[in-house]
Amino acid sequence: MYCRNCGHGMAEYEKFCAGCGAKANTGNSFCPNCGAAVNPNAAVCVRCGFEFKAPREPKSRVAAGLFALFLGGFGVHNFYLGYTTKAIIQCVVSSVCLLLSCCTVGISLFGNLGICIWALVEGIMILAGKIDTDGEGNPLKD
């Protein structure tokens, strides 16, 4: 890994560059993969082919936690955080249980209860900071 501000070599765990003092992953003058100087507006490093991703606005921990507590049965918090597989499972199971509620009370009751407990636990974990990244590995903001 290389500093994006000055091109100095860095270890993955370092939070600041020893060469220039910049915070890790800030700047846009050097490739973080090979350390070559790049055009600040470039989308790809011409030396190594590394693709630069535009920084995204971090997702809110409080919003994700509240989504989990109030709409978690339908996986809204997981859609928000980018965990689409879990979100689709929660949404499908909840929807099927709601549709079956007119026929079989027991199955739909246990299905919805299970999904709601799952969402409640995830909501508490999000608000407590145990789940602290979104689906792409970006940290959540407070």
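User: Over the ring of which residue does the charged end of K86 sit?
Analyst: This is a predicted model, in which local features need pLDDT of at least 70, side-chain atom pairs count only at pLDDT 80 or more, and totals for chains, interfaces and linings use all residues. Residues are numbered from 1 along each chain as its sequence is written, and side-chain values use heavy atoms, with hydrogens and water left out. A charge sits over a ring if NZ of Lys or CZ of Arg is within 6 Å of the ring centre and within 35 degrees of the ring normal. The charged end of K86 lies 4.9 Å from the centre of the ring in question, that of Y83.

User: How is the aromatic pair of F50 and F52 classed?
Analyst: Rings of Phe, Tyr and Trp (its six-membered ring) pair if their centres lie within 6.5 Å; planes under 30 degrees apart count as stacked, over 60 as edge-to-face and the rest as tilted. For F50 and F52 the centres are 5.8 Å apart and the planes stand at 70°, and the pair is edge-to-face.

User: Is F52 buried or exposed?
Analyst: Buried means under 20% relative accessible area, exposed over 50%, and partly exposed in between (1.4 Å probe, protein chains only). F50 has 32% and is partly exposed. F52 has a relative accessible area of 12%, so F52 is buried.

User: What is the angle between the planes of F67 and Y80?
Analyst: F67 is partly exposed at 29%, and Y80 is partly exposed at 24%. Their ring centres are 5.4 Å apart, and the pair is edge-to-face because the planes are at 75°.
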